[in-house]
Amino acid sequence: MTEIADQAADRHAGRRQFAGQQSADLPSADRMRGLLDAVMSVGHGLELPQVLHGIVEAAVTLTDAEYGALGIVGDGQTLSEFLPVGMSEELTARIGRTPCGRGILGELIHNPAPLRLTDLTRHPRSYGFPEHHPPMRTFLGVPVRVRDEVFGNLYLTEKRGGAAFDADDEAVLATLSIAAGVAIDNARMYHESRRRERWLQALGEITRSLLSGTDADAALKLIAERAMEVADADSAVVVGCGDAEAAEAPDGRPGSGPTLSVPLQAGDGARCALLLRRRAGRAPFDETEVKLISGFADQAAIALELAQRRAESEELAVLHDRDRIARDLHDLAIQRLFATGMTLQSATRLIDRPEAAERVGRAVDDLDTTIQIIRSTIFGLRTAGDGRGGGPSLRRGMAEAVQAATRTLGFAPALRIEGPADTDVPAELAEQILAVAAEALSNAARHAAARRVEVMLTVAERATLTVTDDGVGVGSAPRRGGLANMRSRAELHDGRLAVEIPEGGGTRIVWSVPLPD
């Protein structure tokens with residue numbers, strides 16, 4: 001009976017021991033389920049900041065730690081970023097500057113292996129804590145590897161309940177760090193693909209803008225703006241292409257932060273540079289960003305080159321078309337008008353009535369005037385864009401001045417140019433003529449209340465600009481302001497200004513200066 005009782009007691013004790021083992025295994029099973037959930041949660045993330053924060057949150061929860069952080073290792077074996085969990089934003093602000101990787105944190109940087117301490121203050125590399133930092137004693141840290149690279153380190157301190165981190169905590173954290181490395185790698189590849197996509201979109205926009213006829217200055221400014229946006233910079237500027245084309249983020253602040261400069265070959269052959277800058281304290285441009293921005297600058301330079309070649313081709317086509325029109329006018333229109341004039345002139349002798357002969361004579365004179373106008377037009381067609389010394393075309397400038405006045409006048413003034421305006425008028429005098437034309441047209445728009453304005457530029461021994469309107473006239477008001485400016489411009493070149501009243505009323509301004517020998 002005693003033996004049976006002992007066996008029963010042993011079986012009862014065995015059941016209690018088994019039940020105790022099961023009870024002891026339950027937390028481990030719960031932790032493994034928690035670890036699996038954390039791995040699945042971390043692995044679903046694609047945005048890198050969210051993934052990194054989720055890793056630290058999972059580590060703190062699985063190990064029952066009070067505080068946690070992920071330190072990202074940058075160049076020079078220091079921490080480029082430090083992402084804490086467990087401290088309020090107010091406390092973090094009071095502590096001030098984030099750790100750079102000295103002391104215990106630096107130990108894992110130089111020796112990337114798990115580190116578990118019961119009292120971190122007794123470690124020989126402990127530097128203590130800054131002011132306002134909460135007390136910390138227990139410590140657990142493991143490296144986070146992305147492929148063969150040490151991306152950073154997971155740091156945990158102050159296990160709740162006053163206990164120390166144990167081997168199970170270390171195993172859980174090491175497993176989580178492996179899953180974190182995979183998640184970080186996936187997030188970085190996703191971020192890289194998105195970043196390349198944004199660069200391609202920006203480059204496509206620049207190319208479309210250039211091929212649609214955008215001028216070079218606007219294109220360079222667009223390149224600076226898009227490069228700043230996609231590179232997450234605070235300012236961008238294209239330098240070395242004449243005037244600098246700059247862009248700046250709305251929250252950009254001055255400061256000598258990380259800077260990147262890449263060459264940009266402009267379409268006109270000028271060697272420019274794309275300069276990007278981030279404000280002080282921000283992360284530097286990494287190697288991948290340097291490659292992407294350099295490739296973007298190369299492709300943008302090709303787009304600039306293609307746009308310039310396209311513009312040159314279009315201009316050449318226009319010049320060819322102008323030459324064809326000029327040739328047709330000379331060979332066809334002028335010859336037929338000249339023949340008609342000769343016929344009428346010879347017929348004048350056969351007309352008995354004097355008034356009829358006079359009318360035919362006036363018609364012949366009109367034909368001569370028309371031939372002169374066409375010849376002036378032919379000259380303009382063949383010299384448009386070929387300003388003296390490679391400068392701007394005076395004919396084109398006059399046309400642009402008249403076109404600009406159309407908006408304020410409400411109608412298009414008539415323009416007539418006779419003589420070699422683009423070849424015989426020096427650049428300095430051409431600027432004066434354009435300024436006087438703009439001033440005269442502005443006066444007509446503001447004061448004349450005119451319904452018709454005629455502008456004529458004659459270039460022979462003198463350059464004479466005549467602007468006539470059918471408005472209310474200048475009256476007896478003192479001639480100041482615009483007229484005084486026009487007179488001083490004429491006197492500067494030994495010329496003169498005359499203000500006349502045509503037979504039908506209105507105002508005629510005659511500005512005339514001699515051409516240099």
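How many residues does helix α9 have, and how far does it reach from its first C-alpha to its last? The model is a predicted one, where local features need pLDDT of at least 70, side-chain atom pairs count only at pLDDT 80 or more, and totals for chains, interfaces and linings use all residues. Numbering starts from 1 along each chain as its sequence is written, and side-chain values use heavy atoms, with hydrogens and water left out.

Helix α9 spans residues 394-409, so 16 residues, and reaches 22 Å, close to the 22 Å expected at 1.5 Å a residue (the expected span is 1.5 Å times one less than the number of residues). Helices here are DSSP runs of H or I with at least four residues, strands are E runs of at least two, and both are numbered from the N terminus. Leu394, Arg395, Gly397, Met398, Ala401, Val402, Ala405 and Leu409 of α9 are buried (under 20% relative accessible area with a 1.4 Å probe, protein chains only; exposed is over 50%). They sit on the same side of α9 because they cover an arc of only 160 degrees around the axis, taken from the directions from the helix axis to the C-beta atoms. Gln403 and Arg407, on the other side, are exposed. After α9 comes Gly410, with a positive phi near 90 degrees.

Now for the strands. With six of its eight residues buried, β14 (residues 507-514) is largely enclosed by the rest of the structure. Strand β12 (residues 462-469) pairs with β14 in the antiparallel sense over eight bridges (pairing takes at least two DSSP bridges), and Arg462 stands opposite Pro514. Strand β13 (residues 496-500) also runs antiparallel to β14, joined by five bridges, with Val499 partnering Ile509. β13 and β14 make a hairpin with six residues between them, and Gly505 in the turn has a positive phi of about 95 degrees.
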